[in-house]
Structures are given as structure tokens and as C-alpha cells.
Amino acid sequence: MHNGTGRSIRHSLATLIAAATLWFLACPALAQETAPDPSQIDTASVNVDGRPLFRIAGTASFPAAERAANIRRNILEVASDHTVAVDSIRSIGRDGRVEIAAAQTPLLTVFPVDAMAEGAPLEEVAEAFQRRTADAITRYRNQRSSDYLATASMKAGAALVLTLALLWLALFLYRRLLAFLDQHYRRRVQDLKIESFELVRADNIWAALTGFIRFLRIATVLVVAYLGLEFVLYQFPWTHGTARTLLTLFTEPVVSIVSAFLDYLPELVFLVVLVAVSRYLLKLMQLFFRGIERGRIHIGGFEAEWAQPTYKLLRFFVVLLTVVLAYPYIPGSGSAAFQGLSILLGIMVSLGASSAVSSVVAGYAMTYRRAFSIGDVITVGEYTGTVRETRLLVTHLRTFRNEEIVLPNSLILNSPVTNLTRSAAENGLMLSATVGIGYETPWRQVEAMLKEAAARTRGLLEKPAPFVLEKALGDFAVTYELNVSIDSPAHRFYRAAELHRHVLDVFNEYGVAIMTPAYISDPDEPKLVPQERWYAAPARPPDESGNARDST
């Protein structure tokens, strides 16, 4: 039995020790959970004559604003009663709180929640509240004395007179400034032009200048009037709160702007350095590729005509990289509005710029493919002309009829391109003339006549020599094709016309009828033009030098 009793006692002690340990460990956690956050405590400011003294806390049953109004009323009653001495203000501790009273009149009670809101011990907070209350009562009584009010009235009157004088002086000086500028400088203001294009008229420039001066005049009047009114209101205790309100309305935006600027200054310095480095890099790239374009710098396998397109492409990527690096440092870039605007712009670009992007890609593809150069004569589908200008999105062609054709680069990339200039420079550009001759005419004679017509045509290349191909053996005629070479595609239409004229002349001379395109039966007489009718009116025969006369 003794052993059972000992075990029971030991078991009870162990239980008590475990419970005490758990309570000890749980107490800090419970205290941490129940302790209110000072930032979450409802507080209100106690103001006297517009000056804040301290902030007091409130509860669910006694809100902070109502409690602050009661304390302010108690302070004003004591301040108005000059029989109550300021030295009689004292603090009395009672059951976890501190009461502050003046003689027998209670002013306020400081609770632990007030100390918690201030983040300091209760005794220190009570002492600070007592000192600020005594200073407020002393200041209240001093600012309502006859001497103080007389001095304040004189200061206010002097400030009012000075304000009116400054306003009159500002208006007078601005009026004289406008008259002086109008008399001496208005005639010197010239229209802003670029070459012959007028950007801004002189009247508009003068109106903008005078408008800016009038804006400065209004701003000066408002600032001077505000400062004068602020000074006058500050002199009297009854308007001191209004003066503080006006000062807050004016200074808070300025302080916010200055504070935001100072906080943003490191990011601004980064942006300035980033922009400076990007501009310097772009200038170096421009000088480098300009040297390649002018032949001062040579890189194996890199053509001079690639210099400017490559520079523009690299410039785009440098600018894009700069924007990407600068984006996080732009003010407001993290806001939802800025991000929404960025998404909207991205959607608009992706939906509306697909054709433009394809043209840009096509332009660079053509540049590096070296399909043509400026001045080349090319054929793109049904269009033939001289390349006048190549841009990022389009290419300008000048036709032989002096027409300007603007082709999208995407169309050129997706169409077969014939470079006539490059072909003419290598082996000459081929021209052809096709005729249909009857089977009764020997093919050797036809070839000889066609070659003779080629020999009479000017501007043809001797190598490769003109040659004739029998293209087809038709039902009624043999199709012959005369092929000649020229060195310049710019004159191919004129050479082709002259070649056709000589073909007609030669076949008429030798009495061979051209059966093109076909015929139904042999005519009674050959369809020829007699030589005596070659220069029928209004045509005129050539002069003695062999040059054709002007028919006009």
C-alpha cells in the first residue's frame, strides 16, 4: 500500500509539472495573439486653436473622436478660467490608468491603450500629455491678451498693405514687360519654317509667348495673395486653424512631389546613364556602318549596300533593349493602369501591324538577298521599272512611262523578280521579234533577212551575235524568232521598236509576206508595201545624212 501511494504522488507531481510547462509555453503565444497592433488602434487628435496636442485611443463603446472632443472641451474650459493656475495641473495614478486634472477640474485620463498607441510606457505618455496640455493652456491665454492682439493686428495690417503693394507692383511690371516686348521684339518674330514648309506662323508664336507671360502674371498674383493671407490668418488664434489648413493644402502636394522626386532620384540617374550609354553606342554604330558604306572599312563577305539596313536593324534592337531595361524604372510602370495600357497597345500592334511587320521582314530579306539595287531595272509580276528608292515597308519603281509605282515589300518577296540590269551587265539582255512566214519561203532566206534586219538596228551587241530560232511549224506558217542582245535595259523598248521596223522593211524589200498570225487562203497578190510608198504622207524620207526627217 505504501508503494501504491508513492506511485500516485509521483504521478500527480508529473502531471502538475507537465501542465505548468504547457502553461508557461502557451502564455507568450496567448499574449502575442491578444496584444493589439498599435497601427490598428482607432485614434483621434486633440486640437486647440488648430494645433494638434496629442492623439488618444478609442474603444467600441467610447469612440476616439468623441473622447477627443470631450478632452478638448475640458481644456478650453480651464484655459478660459484664469482663476485656475497652470501650475495646478497634475497627474494622479489610479488602478492602471493616470488622471490629469487642473486643481479640482479633471482634464483627461490616460489609459494603457493610449500608451500602446504611442508605443511608450504609460507613465511617460501621461507626463508628455500633461506637459503639452499645460503649454496649450498657457499659449491660449497669452494669444488672447490685449498686447498680443494689438501686435497681431499691426502685423496683419502691415502684411495686408505690403501684399496689396506687391500685387500692384507685379501687375505694373508685367504690363510694362508686355508693352516693351510688343514695341521692340514683335516685328522680329518670324515664321518657323523648314525650307518652304511653314510650321508655325509668327502670330501664333507671339500669342504663345504673351500667353505664357500672362500665365506667369496670374501665378505671381496668386502666390503673393496666398502668402499674405496665410500670414494674416496666422496672427490670430481664431483663424490659426484655417491658416494651418491652407498651408497643408499648399504644402502637402509640394512635399509629396519633392519627396517622390527624391525617392525616384536613383532610378532617374540610372535612366539618364542608360540613355547616355545607348546614344553613345548608336553614334559609334552609325560611324562604323557609315565607314563601311563609304568604303573606308572593309569586311570580307559584307557588302557596302548592307551597311545602312544593318545599322537600322541593330539600332532597333538597341532601342528595344534600352526600353526593356528602362521599363521597371519608369514612374508608374508597376501600376495596374500602366500595365493595362501596355497590354492594350500590344494587342493593337499585334492585330493591326501584321502586314507592316511582314513588309519589314520582306524588305530586309530582299536587302540581304541582293535581288536588286537602286537604279536597277526589274520586273515584278506585271510591273517593270527602275528602282528609285527602297524603304522599310515599300519599294518605289519608275516605269518607262514615267509612272511612280509603290510596291509593298511583302508582294515583291512573294513574287518572281527579274533583274534586267544585272542580266544586261553579265551577257547582255535578249530582245526577240517573232514572225510567221509561209512554207513556200525557204527558211534560210528568212533567217538571212532577219539577221539583216538585226544588222540595221543600232545599239545591239555583236557578242552574242543575233540568231534565229524556228519556234513552231504551224498549220499555215513557220514561226521564226529573231534574238538579239542589248547592253542597257533602259532602251529595250526603243530597240525593239526599231528592230520591228527594220524587219518590216527587209521583208518588204525581198517581197516576202509576213503571215502572222494566220490566214484562211492565199491572196491574189502578196500583202506587201511597195518601196515607192514607204514614205507616204505624212512620213518623210531621210535626209542625205541618213537621219529620218521630222514628220511634223
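Trainee: Which residues of helix 8 are buried?

Mentor: The buried residues (under 20% relative accessible area; exposed is over 50%, partly exposed in between, 1.4 Å probe, protein chains only) are Ala307, Pro309, Thr310, Tyr311, Val318, Thr322 and Ala326. This is a predicted model, in which local features need pLDDT of at least 70, side-chain atom pairs count only at pLDDT 80 or more, and totals for chains, interfaces and linings use all residues. Residues are numbered from 1 along each chain as its sequence is written, and side-chain values use heavy atoms, without hydrogens and water.

Trainee: What span should helix 8 have?

Mentor: At 1.5 Å a residue, the 20 residues of helix 8 (residues 307–326) should span 28 Å, and the end C-alpha atoms are 28 Å apart, which agrees.

Trainee: New topic: how many aromatic pairs are there?

Mentor: There are 7 aromatic pairs, counted where ring centres of Phe, Tyr or Trp (six-membered ring) lie within 6.5 Å; planes under 30 degrees apart are stacked, over 60 edge-to-face, the rest tilted. Phe54 and Phe129 are stacked, because their ring centres are 4.2 Å apart and their planes at 20°. Phe54 lies in strand 2 (residues 51–57) and Phe129 in helix 4 (residues 122–142), so this pair ties together parts 75 residues apart in sequence.

Trainee: Are Phe54 and Phe129 buried or exposed?

Mentor: Both Phe54 and Phe129 are buried. The pair of Phe270 and Tyr329 is tilted, because the centres are 4.3 Å apart and the planes at 40°.

Trainee: Which residues form a cluster?

Mentor: Ring pairs link Phe288, Phe289 and Tyr311 into a cluster.

Definitions and conventions
Helices (H or I, at least four residues) and strands (E, at least two) are DSSP runs, numbered from the N terminus. The expected span of a helix is 1.5 Å times one less than its number of residues.
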